[in-house]
Amino acid sequence: MAVLSLPTAPVSVSVQTSRRYCAVVAPTTVVIPLSLPGKGRGRGRLRVRCSAEVDSRGGGGVVNMGPGTPVRATNILVVGATGTLGRQIVRRALDEGYDVRCLVRPRPAPADFLRDWGATVVNADLTKPETIPATLVGVHTVIDCATGRPEEPIRTVDWEGKVALIQCAKAMGIQKYVFYSIHNCDKHPEVPLMEIKYCTEKFLRDSGLNHTVIRLCGFMQGLIGQYAVPILEEKSVWGTDAPTRIAYMDTQDIARLTFIALRNEKINGNLLTFAGPRAWTTQEVITLCERLAGQDANVTTVPVSILRITRQITRFFEWTSDVADRLAFSEVLTSDTIFSVPMAETYNLLGVDSKDIVSLEKYLQDYFSNILKKLKDLKAQSKQSDIYF
């Protein structure tokens, strides 16, 4: 019987709020007690100092496992496999012949659709580091699509959980690690989620793992629930008066480009940014949806000044601090910012034709054409089944 042992060298991870705190972590248990002290106004804004350096007091370093059974390059673990991007990563990987394992939190409704597609599902929780190592046995590449749930503190999964996952990946000899981040995260340290993403990038780089960081601007899929469905159902659509532009991208295209990058050894250690063909304002997206739906939207505009005031108020109370953190991200999305980058160089590096990338017009046109056809068919069936007395 083979015995899997993990190195015991402690790893230094520093987290800073109004003061500096350090936790020394042993990969054997990978316990990350990074609780942030303070209450109320003294709580302090989340600051993360990222370092994967080994604490000199422990001696030795985090090293890869010794020789053993070779792991095939097609063995991958998808973390966050049930999310908007994660499920597309799983489907693409299966279509391309990868052996896919999905890390999923224990949940009342099992992720049976992943099994139906042909993936293996393993239960683990990034907030419980002791559950992570077993999921990595026999894995060559980790593709990390995970993010915290809206009801969770941002740092719980997106920082503490990711630190634990990266440490375990390093300790167990994972060959490649793909991490999805946010475009311009390095330019907004005042936003906790973006600061954490940037620090995770640095932590991953310092860990010594072979890795690729992919920064994203926005998902086209998110616009369906935000704009398309409310317009069809004649419900209010929430927008802002800000000129922010976002180059939304189809998650299927993101998945396809990810695996092209994964197979390109020249990209190892690089930072890539994926953006859609064009950057759109909120009003332009709403106008496009109105045209394709053939009806006007009931738009409720929220001034950016209201978001800022609300964020300032919620920062005063510990029980609303997570709301303030998420409003900070909303504030960036409603500022005079362009979330887009020129993609010509990236397309050339990946050997991709820009014409093969789905535009937002095409994506929404396909959606509205399909949904309106289904509604028309349902209406016709309803009329045929009417009984008159």
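Let's start in the sheet. Strands β5 and β6 (residues 120-123) run parallel, joined by four bridges. Strands here are DSSP runs of E, at least two residues long; helices are runs of H or I, at least four long; both are numbered from the N terminus. Two strands pair if DSSP finds at least two bridges between them. Within this pairing, Leu103 has Val122 of β6 as its bridge partner. To get from β5 to β6, the chain passes through helix α2 (residues 112-117), and this β-α-β crossover is right-handed. Right-handed has a set meaning: point the strands away from you, and the path from the first strand over the helix to the second runs clockwise.

A word on the source. This is a predicted model, where local features need pLDDT of at least 70 and side-chain atom pairs count only at pLDDT 80 or more, while totals for chains, interfaces and linings use all residues. Residues are numbered from 1 along each chain as its sequence is written, and side-chain values use heavy atoms, with hydrogens and water left out.

Now the whole chain. It holds 11 helices and 14 strands. Of its 389 residues, 50% are buried. Buried means under 20% relative accessible area, exposed means over 50%, and partly exposed is in between, with a 1.4 Å probe and protein chains only. The chain exposes about 19500 Å², and carbon and sulfur atoms supply 51% of that. Those areas come from the Shrake-Rupley method with a 1.4 Å probe; for residues, only the protein chains shown count as cover. Next, contacts, meaning heavy atoms within 4.5 Å. Take those with a separation of 6 or more: 75% of them link residues 24 or more positions apart.

Back to the strands. On its other pairing, β5 (residues 99-104) runs parallel to β4 (residues 75-79), over five bridges.

Ile76 stands opposite Thr141 of β7. Then β7 pairs with β8 (residues 176-182), also parallel, also over four bridges. There, Thr141 stands opposite Lys176. Together β7, α3 and β8 form a right-handed β-α-β unit.

On to the core. In soluble globular proteins, nonpolar side chains tend to be buried together. A nonpolar core here is a set of buried Ala, Val, Leu, Ile, Met, Phe, Trp, Tyr and Cys residues joined through side-chain atoms within 4.5 Å. The largest one has 99 residues, and Val100, Tyr180 and Phe274 touch the most other members. Helix α3 (residues 154-171) contributes the most to this core, with nine residues. Leaving aside neighbours within four places in sequence, the contacts of Tyr180 include Ile89, Ile143, Cys145, Ile214 and Ile254.

Next, the loop between β9 (211-216) and α5. Gly218 sits in this loop. Why does Gly218 count as buried? Because its relative accessibility is 14%. Beyond residues up to four places away in sequence, Gly218 touches Ile246, Ala247, Tyr248 and Met249. Gly218 and Asp250 are 32 residues apart in sequence, yet 8.6 Å apart in space, C-alpha to C-alpha.

Gln221 is in that loop between β9 and α5 too. Gln221 is buried, at 18% relative accessible area. Its side chain makes a polar contact of 3.0 Å with the side chain of Thr251. A polar contact is a pair of N or O atoms within 3.5 Å; within protein, one must be able to donate a hydrogen and the other to accept it, and residues adjacent in sequence count only if both atoms are side-chain atoms. Outside four places in sequence, Gln221 contacts Thr84, Met249, Asp250, Thr251 and Tyr363.

Then comes α5 itself (residues 222-232). Its buried residues are Leu223, Ile224, Tyr227, Ala228, Pro230 and Ile231. An α-helix has 3.6 residues a turn, so residues three or four places apart point the same way. Just after α5, Glu234 takes a positive phi of about 60 degrees.

Last stop: Thr281, in the loop between β12 (271-274) and α7 (282-293). Thr281 is buried, with a relative accessible area of 11%. Outside four places in sequence, Thr281 contacts Pro243, Thr244 and Arg245.
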